[in-house]
Amino acid sequence: MNSDLADDFVVPAGYAWVVRWIDVDGAYFNGPGPANSFRVSFYADNDGFPGNQVYATFALSWEQNGSTFRVYICYGNDICFYLYPGRYWVEIQAHMTATCCGEWGWTDRTVTSLNPAVWRNPSGFFGACTNWSRRGATCALDPSAPDQVYRIYASVTYAPTPTPTLTPQPTPTPSEAPCAGFPKPDCNSTVFTQLTAFYVYVSGFVGSLPPPSVFTVNGIPADTVSGGGSTLEFFFNVSPVMPGQNTMDIPPGAFTCSNSGRPFEGLHCTFTYQPPTPTPRVAPTARVRPTPPPRR
């Protein structure tokens with residue numbers, strides 16, 4: 001059922017943005033929620049559609065006020081990443097456990113700004129648009145409202161538009177461009193739910209998706225894989241996570257980074273699952289009935 005929805009925006013010439021948070025309008029359906037997490041991705045523009053992914057992260061935190069979901073990306077004065085002048089696409093994706101909590105939808109907008117929103121369902125579960133296509137006009141999803149409702153908050157700094165250089169850039173050598181992976185959950189972190197979705201951000205681009213079995217948790221291979229570019233998303237039909245310490249592994253050479261031609265260096269790290277502690281139930285205090293006085 002995993003699908004992607006993105007809408008475009010423009011960073012004006014002369015400025016750079018450090019995105020702090022996004023207010024996105026949406027709602028839960030087929031269940032009460034909440035989402036397990038939110039993931040935000042930014043893509044460069046490719047002739048009116050999303051191109052290469054330029055940045056992706058799980059929200060540091062998020063909060064809901066009515067239908068507005070405020071998704072935090074970069075705290076305080078941190079410089080998490082820059083968006084330089086140009087057109088980009090943003091995707092806000094809720095990760096849900098459908099069996100208990102349902103699904104989440106991003107509110108559609110009747111007014112179109114720039115290009116209409118685009119949608120894709122890589123698995124073909126919904127029978128349409130396995131590649132990026134216009135959500136309304138092509139995929140027939142709410143055609144009367146072709147865009148999305150959201151608002152981006154960013155720190156703005158002066159950034160002159162760079163002059164293109166004609167000097168050819170050297171091809172990275174293997175020592176300059178390692179093919180490494182950075183997982184979510186983070187190595188040595190603690191999680192509080194039995195995850196079924198795991199993410200590996202690659203320091204490069206993956207030319208084609210590897211088989212899902214290359215990624216294992218506690219020796220159990222993943223069932224499906226999706227994503228592409230610099231992000232691999234591995235999914236399990238049943239969570240392999242156990243209380244205590246767990247291991248994540250990808251063997252060296254499982255795939256090759258297409259930008260450097262280097263084989264993947266391999267991944268091995270641990271995380272801890274801490275089950276929730278049930279709140280003890282306190283037995284109600286018995287009410288003592290007073291003994292009636294003897295009848296005379």
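**Entry 1: C129 and C139**

I began with the disulfide of C129 and C139, which is left-handed because the torsion about its S-S bond is about -115 degrees. I then looked up where the two cysteines sit: C129 is in the loop between β10 (118-120) and β11 (133-134), and C139 is in the loop between β11 and β12 (147-148), so the bond ties together parts that are 10 residues apart in sequence. Here strands are DSSP runs of E, at least two residues long, numbered from the N terminus. The sulfur atoms of C129 and C139 are 2.1 Å apart. I count a pair of cysteine sulfur atoms as a disulfide when they are within 2.5 Å.

Are these cysteines buried or exposed? C129 is buried, with a relative accessible area of 14%, and C139 is buried as well, at 8%. The terms are set by relative accessible area, computed with a 1.4 Å probe on protein chains only: buried is under 20%, exposed is over 50%, and partly exposed is in between.

**Entry 2: Basis of the values**

I note that this is a predicted model, in which local features need pLDDT of at least 70 and side-chain atom pairs count only at pLDDT 80 or more, while totals for chains, interfaces and linings use all residues. Residues are numbered from 1 along each chain as its sequence is written, and side-chain values use heavy atoms, with hydrogens and water left out.

**Entry 3: C187 and C269**

Next I looked up the disulfide that joins C187 to C269, with an S to S distance of 2.4 Å. C187 lies in the loop between β14 (181-184) and β15 (190-191), whereas C269 belongs to strand β21 (residues 267-273), so this pair ties together parts that are 82 residues apart in sequence. The link of C187 and C269 is left-handed, with -80 degrees about the S-S bond. C187 is partly exposed at 32%, but C269 is buried at 7%.

**Entry 4: C100 and C101**

I then turned to C100 and C101, which a disulfide joins at 2.3 Å from S to S. Their link is left-handed, with -75 degrees about the S-S bond. C100 is partly exposed, with a relative accessible area of 45%, while C101 counts as buried at 9%.

**Entry 5: The whole set**

How many disulfides are there by this rule? I record a count of 5. With bonded cysteines counted along the chain, the pattern reads 1-2, 3-4, 5-6, 7-9, 8-10.

Notes:
Helix = DSSP H or I, 4+ residues; strand = E, 2+ residues; numbered from the N terminus.
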